Amino acid sequence: MTRTQETSASWCRTAIWRPRVGKLRLALSLCFALFCGPELFAAARLNVVVTTPDLASIAREVGGDALDITTLVRPTEDAHFIDAKPSFMVKLNRADALIEGGAELESGWLGPLVQGARNAKLAVGAPGRIACNATVNMLEIPASLSRDQGDIHASGNPHYVIAPSNALKVAANIADRLSVVDPSRADDYRQRLRIFQDRLIAKQVVWRKALEPHRGRQIVSYHNSWPYFAAEFGLKFELFIEPKPGIPPSPAHLAGLVTAMKEKRALVIFVEPSLGRKAAETLVRSTGAVLVPASQFPGGIKGTEAGYVELLDTLVSSLAQAFAQ
Amino acid sequence: MSLDGSANLTILAGALCLGLAQPGLAQQASEVQELRSQLQRMQAEFDRQQALQRQQIEQLRRQIEALSAPSTNPAAPALPSSSAKAQREEGSRPGWKPSDPIRLAARGGKAYLDLALDVSAVAGASTADDIEGGTQLGGHDPVQRGFTLQGVELGLSGAIDPYFSGQANLLFQIDSSGESFFELEEAYLETSRLPAGLSLRAGQFLSSFGRLNTQHPHAWAFVDTPLANGRFLGPDGLRNLGARLSWLVPTPFFSELSLGVQNSHGETAFNFRNEFEGDPRFHRPQTVGSLASVNDLLFTPRLATSFNLTDRQTLLAGASAAFGPNSSGAGDTDTQIYGADLFWKWTPSTQTRGYPFVSLQTEAMLRRYQAGAFDWDLDGNATVNPDGSELDGDGDGVPDLVTRETLKDYGLYSQLAYGFTRGWVVGLRGEYVDRFHLGGYEASFGSDLERAGRWRVAPNLTWFPSEYSRIRLQYNYDQRRMMGTDHSIWLQFNFALGAHAAHGF
C-alpha cells in the first residue's frame with residue numbers, strides 16, 4: 001500500500017512536468033483528483049510497528065488491510081538481541097502504534113529507539129503503546145532477582161504468545177487498543193477479532209486432540225522459551241541445553257544432560273533456527289533423540305510463513321510425528 | 001471488555017441457532033463449536049475475575065501486614081508471584097517500608113530509576129616510561145605498569161515525568177598516585193515529546209562529535225582511547241554544561257541534525273578555553289578569560305545519516321564540527337575541529353545473541369588551532385628571569401617571542417571487529433595522528449611532542465562470559481616520532497551490575 005502511494009506520487013510528478021505549459025495548475029488538480037483523491041477520502045491506514053513476527057501475525061489478523069505493519073525482528077533472529085538500527089527509529093517516528101511483547105523481551109534495544117523516535121503517540125501509557133503481556137497471566141515471575149540465575153526476566157517468562165490461549169488474549173488486547181487509537185474502525189477490529197478467535201478456538205481443539213495421547217511427555221529445548229506451550233498441551237520442558245538462561249552449555253552440562261535425557265525418556269529436541277543446532281546434534285548422536293525444528297515465530301521454520309495458525313499446525317503435527325517414532 | 005461483548009453475541013447467535021435451525025449433523029457440529037467458543041470466553045472472563053480477586057486479597061493482606069508489625073520484620077519476604085502480578089495489573093507500587101530492600105532495578109519496567117554500576121580495571125605492562133599522557137592519551141586508559149582502575153561508573157536513568165527523561169553518569173577513579181577522585185561525567189535531561197521530530201537536551205553531557213566521544217568506555221571495542229580522540233577531543237572526551245537541539249529530519253532514510261551549545265572552558269573542553277593547570281601549551285601561556293559574548297561558547301553541529309545497504313548490512317555516517325575560542329591568545333583565537341565518522345555492521349539473519357557479526361568503525365579529525373602572539377619578556381628587560389617565569393626555548397638568554405599562527409593537525413583511526421562465535425570478538429585497530437606542517441614556534445624552539453606524528457596498531461581478543469562481563473586482551477604497537485617504538489600489553493576486566501544496558505546502534 002505504501003508502494004502504491006509512492007508510485008502515485010511519482011505519477012503526479014511526471015504528469016505535472018510533461019506538459020511544460022501554463023496548464024500546470026489544471027494538470028496538478030487533475031492528477032491530484034485522480035491519484036491522490038481516493039487516498040485522501042479513504043481513511044488513511046494505520047502505521048503500526050510490531051517488534052516480533054508472532055505479534056505481527058496476530059495484529060494482521062485483527063487489523064487486516066487497515067494496518068501498514070512493519071516488523072522489526074526477523075523470524076529467524078534472536079529477539080533479545082537486535083541491532084537498534086537507525087532506520088527503525090524512522091519507522092517508529094511515523095508510527096501510530098507500537099505493539100511489543102513486553103516483559104523485557106525487547107529491553108536490550110527498544111528503549112533507545114523509542115526515545116530517538118520522538119513520537120508522543122508511543123510514550124509509555126499512551127494508547128498507541130501496546131504491551132501485549134498486559135493481559136496475559138505470566139509464568140515464572142522470579143521471587144527475587146539475581147543474575148547468578150542467568151538472564152531471568154523480572155516480569156516473568158516473555159515467550160507467552162506461543163500458547164494459543166494467550167494468543168487469544170493478545171488478539172483481544174490488540175483489538176481493544178487499536179479501537180482506541182483508531183475509533184473509526186473499532187467495529188471492524190472487533191469483527192475481525194471474533195473471526196480470528198473462532199478460527200483459533202476451533203484449531204485449539206484439533207491441536208489438543210493431536211497431542212492428547214502424548215500428555216506428560218518430555219521435550220528438550222535450548223532456551224527456556226516453551227513453558228506456556230507446555231502448560232497449554234500438557235507437555236513437559238524440564239531439560240535445557242543451556243544450563244541457565246543466556247549461559248552457553250559446557251561439555252560437562254551436556255554430558256549430564258545426556259544422562260538426564262535417558263532417565264526422563266526425553267527423546268525429542270526442539271531446535272530453534274537461531275539457537276545451538278550443534279549442541280543439539282551432539283545430543284542426538286549420544287541419545288538417539290529426534291530433532292524437531294521449532295520456532296516461536298511464523299516464518300522461523302519452513303512452511304509457517306503464512307501466520308500464527310500455520311506455525312502451530314506445523315509444530316503440533318511434527319511433534320506428534322516425533323512422539324510417534 | 002471485548003470478550004464480554006463477543007460472549008453476549010455468541011449467546012445470542014447460539015440462541016438463534018437453537019430456535020431457527022433445523023436439527024442436522026452440520027448444525028450440531030457448529031453448535032458444538034459455538035459452545036466451545038462460549039466456554040473459552042467464559043474461561044477468559046473467569047481468569048480476569050480471579051486476577052481481580054487475587055489483587056484485592058493481596059491489597060488486604062498488605063494492609064494487614066502494614067498494620068501488624070512492620071518494624072520487627074528483618075527481611076521483607078519475597079513477593080509471591082500472584083502479588084507481583086497483581087501489582088503489575090494495578091499499575092501501582094506498594095508503599096516502601098524501612099525494612100524493605102531498596103529495589104531500584106527495573107521490576108517489570110515499573111522502576112522510577114534504572115541503576116547500573118559499571119567497573120573497568122586493567123592490568124598490564126609497557127616498555128614506555130611515560131604511559132600516562134605519553135603512550136596513552138585517554139582519561140580512562142591504563143596509566144601505569146601493574147593495575148589501573150579505569151573507572152567505576154554509576155549510571156542512573158529513567159523517565160522524570162511524561163515530558164522529560166533524565167540520565168546521569170558518575171565516575172569514580174583512582175589516579176596514578178593512588179588518589180581517589182570523583183567526576184560528574186554526565187547529568188542531563190532530554191525532552192520526550194517536542195513536536196516536529198525535535199528533541200532538546202540540557203545539562204552536562206558529552207558533545208555529539210563523531211562516534212566514540214558519546215560512548216562510555218564500557219561500550220568501546222578497545223581498552224583505550226584512540227589517539228585522535230585523545231589529542232583533539234581531550235583525555236576525558238569533549239563534554240561540558242550546555243544544551244543541544246536535535247532534529248530527526250523527515251527523510252525516508254535516517255538523518256539527524258543537531259546543534260550543541262556548551263560552555264567552552266575547563267579541562268573537558270580540551271582544545272578550547274583550557275588553562276592546562278597554568279602550564280604553557282604550544283609555547284604560549286594559557287589564559288581562560290571570561291565569557292564576553294555568545295561567540296565565546298562552544299558550538300558543535302552534527303549531521304548523522306544511516307542506510308541499510310542490504311537487509312543485513314547497516315551503515316551510519318556522520319559529519320561533525322566543534323567551534324569555540326581557545327586560551328592561547330587574548331580572547332581572539334579560535335579552535336575549529338572537524339570530524340567525519342563511519343560505522344558499518346553486518347549481522348546474519350540467523351544471529352544468536354547478536355553473533356556472528358562484523359563491524360567497521362572509522363573516524364577522521366582535523367584541527368585548526370589559532371595560536372596567539374606572545375612575548376615572554378614579561379618585565380621588558382630582554383633577559384631571562386632567574387625564577388623561570390620567562391620561557392627561553394632556544395637558550396640564547398633572551399625571552400622567546402612567538403607570533404600569531406594557525407596550527408593544523410589531523411588524525412584518524414579505523415577499527416574492525418569480528419564476533420566469530422557467540423561471546424568471542426577479535427578486533428584490529430590502526431591509527432595515525434600528525435601535523436600538516438611544523439609550527440613557527442617549533443621551527444625556532446624544537447618539535448612539539450604534542451603535535452609530532454605517531455601511529456599505533458592494536459589487535460585484541462575479547463571474551464564475554466555473559467553480556468554483563470567481559471575479559472579483553474590487547475597488544476599495542478606504538479611508534480612515536482622522537483620517542484621510538486613501544487610495546488604494551490593490557491588485560492582488561494569489565495563488569496556491569498544492575499539495569500539491562502540498552503545500546504543504540
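Trainee: At what angle do helix α3 and helix α6 of chain A pack, and how far apart are their axes?

Mentor: Keep in mind that this is a predicted model. The general idea is that two packed helices are described by the angle between their axes and the distance between the axes. Here α3 (residues 53-63) of chain A and α6 (residues 164-181) of chain A pack at an angle of about 55°, and their axes are 9 Å apart. That angle makes α3(A) oblique to α6(A). The crossing in which α3(A) passes α6(A) is right-handed.

Trainee: Which residues make the contact between α3(A) and α6(A)?

Mentor: From α3(A) come Leu55(A), Ile58(A), Ala59(A) and Val62(A). From α6(A) come Ala167(A), Val170(A), Ala171(A), Ile174(A), Ala175(A) and Leu178(A). Sorted by class, this contact has 10 nonpolar residues, no polar ones and no charged ones.

Trainee: What is the crossing angle of α7(A) and α11(A)?

Mentor: The axes of α7 (residues 186-211) and α11 (residues 308-324), both of chain A, cross at roughly 5° and come within 10 Å. Angles under 35 degrees count as roughly parallel, and α7(A) and α11(A) are therefore roughly parallel to each other. The residues in contact include Phe196(A), Arg199(A) and Trp207(A) of α7(A), and Tyr308(A), Asp313(A) and Leu319(A) of α11(A). By class, the contact of α7(A) with α11(A) has 11 nonpolar, no polar and four charged residues.

Trainee: Which residues lie nearest the centre of the second largest pocket?

Mentor: They are Glu132(B), Gly133(B), Leu137(B), Pro235(B) and Phe270(B), out of 40 lining residues. The second largest pocket contains about 1100 Å³ of space. Two or more lining residues each come from β2 (146-159), β3 (164-174), β4 (180-191) and α4 (227-233) of chain B. The largest share, three residues, is from β2(B). By class, the lining of the second largest pocket has 11 nonpolar, 13 polar and 16 charged residues.

Note on methods:
Residues are numbered from 1 along each chain as its sequence is written. Chains are lettered from A and ligands numbered from 1 in the order in which they are written. This is a predicted model: local features need pLDDT of at least 70, side-chain atom pairs count only at pLDDT 80 or more; totals for chains, interfaces and linings use all residues. Side-chain values use heavy atoms; hydrogens and water are left out. Axes are lines fitted to C-alpha atoms, for helices over the stretch in contact, and angles run from 0 to 180 degrees between N-to-C directions. Helices (H or I, at least four residues) and strands (E, at least two) are DSSP runs, numbered from the N terminus. Angles under 35 degrees count as roughly parallel, over 145 as roughly antiparallel, 65 to 115 as roughly perpendicular and the rest as oblique. A crossing is left-handed if the near helix is turned anticlockwise from the far one by less than a right angle, and right-handed if clockwise. Contact means heavy atoms within 4.5 Å. Ala, Val, Leu, Ile, Met, Phe, Trp, Tyr, Cys and Pro count as nonpolar, Asp, Glu, Lys and Arg as charged, and the others, Gly among them, as polar. On a 1 Å grid over the protein atoms alone, a cavity is a set of points where a 1.4 Å probe fits but cannot get out, and a pocket is an open set with protein on both sides within 12 Å along at least five of seven lines; lining residues have an atom within 4 Å of a point. Grid points are joined across faces, edges and corners, and a volume is the space filled by probe spheres set on the points.
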